[in-house]
Amino acid sequence: VVDSNGIDINIYKKNLIPKEFFKIGDKIRFCLIEQDGRYVGDRSSENFVCELLKEEVPSIKNGDISIVSCSRIPGFRTKLIVKNNSKNQKTDVVRLCVGNKGSYIKNVQKNLNGEFIDIIPFEEDPAKMLLKAISPVNVSKMIIDEDNKIIRIAIDSDHISQTIGKN
């Protein structure tokens, strides 16, 4: 139970980052979500990461950059696809999200207990975007099924964990 300006808010263990614990008096950030007809705190969802980024990264807050997609394994890694909405299409969206000397992303990571955050610039071509998302893994074969919107890839077996983002 968290006291937020005199209002008690429950944060269930399933809504926390794994291996996360707090002491009385700790200040924490969380999102409110509706769960089983009640509002509860949440720190484990993709939405929580997106909201942290909106607060920390001025270019996301002002709309020059938008978060297209977010995928997360709480406590381990988040992968974000970001899109440039500014008039200057040569703007480096990754650099703007990371900040000077990593200042913006470090603040977000601090709130996520050091979770890794991969920022991938949006590409119109899904195959190119997939290659950026799993970089530096080399793809030996790619089959694109445009009708069903599926891309199948073949990689070396020793790169499987790196491709899916685990160790």
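**Rings, sheet and helix**

Reply: The structure, a predicted model, holds one aromatic pair. Rings of Phe, Tyr and Trp (its six-membered ring) pair if their centres lie within 6.5 Å.

Me: Why is the pair of F76 and F116 called what it is?

Reply: Their ring centres are 6.2 Å apart and the planes stand at 70°, so the pair is edge-to-face. Planes over 60 degrees apart count as edge-to-face, under 30 as stacked and the rest as tilted.

Me: Where in the chain do F76 and F116 sit?

Reply: F76 is in the loop between strand 5 (65-73) and strand 6 (77-84). F116 is in strand 7 (residues 116-121), and the two are 40 residues apart. Strands (E, at least two residues) and helices (H or I, at least four) are DSSP runs numbered from the N terminus.

Me: New topic. What order do the strands of the open sheet take?

Reply: The order is 5-6-7, with mixed pairing. Two strands pair if DSSP finds at least two bridges between them. Strands 5 and 7 are at the edges with a single partner strand each, so one side of each has no neighbour in the sheet.

Me: How many bridges join strand 5 and strand 6?

Reply: Eight, in the antiparallel sense. I67 has V82 as its bridge partner in strand 6, and I73 has R77.

Me: Which residues of helix 1 are buried?

Reply: F48, V49, C50, L52, L53 and E56. Their cover includes strand 3 (31-35), strand 4 (38-42), helix 2 (58-61) and helix 4 (103-111), along with strands 5 and 6.

Me: And which elements show the lowest and highest mean pLDDT?

Reply: Strand 1 (residues 2-4) is lowest at 67, and helix 1 (residues 46-56) highest at 95. The chain mean is 88, with 95% of residues at 70 or more. pLDDT is the predictor's confidence in each residue, from 0 to 100.

Technical notes
Residues are numbered from 1 along each chain as its sequence is written. This is a predicted model: local features need pLDDT of at least 70, side-chain atom pairs count only at pLDDT 80 or more; totals for chains, interfaces and linings use all residues. Side-chain values use heavy atoms; hydrogens and water are left out. Buried means under 20% relative accessible area, exposed over 50%, partly exposed in between (1.4 Å probe, protein chains only). Contact means heavy atoms within 4.5 Å.
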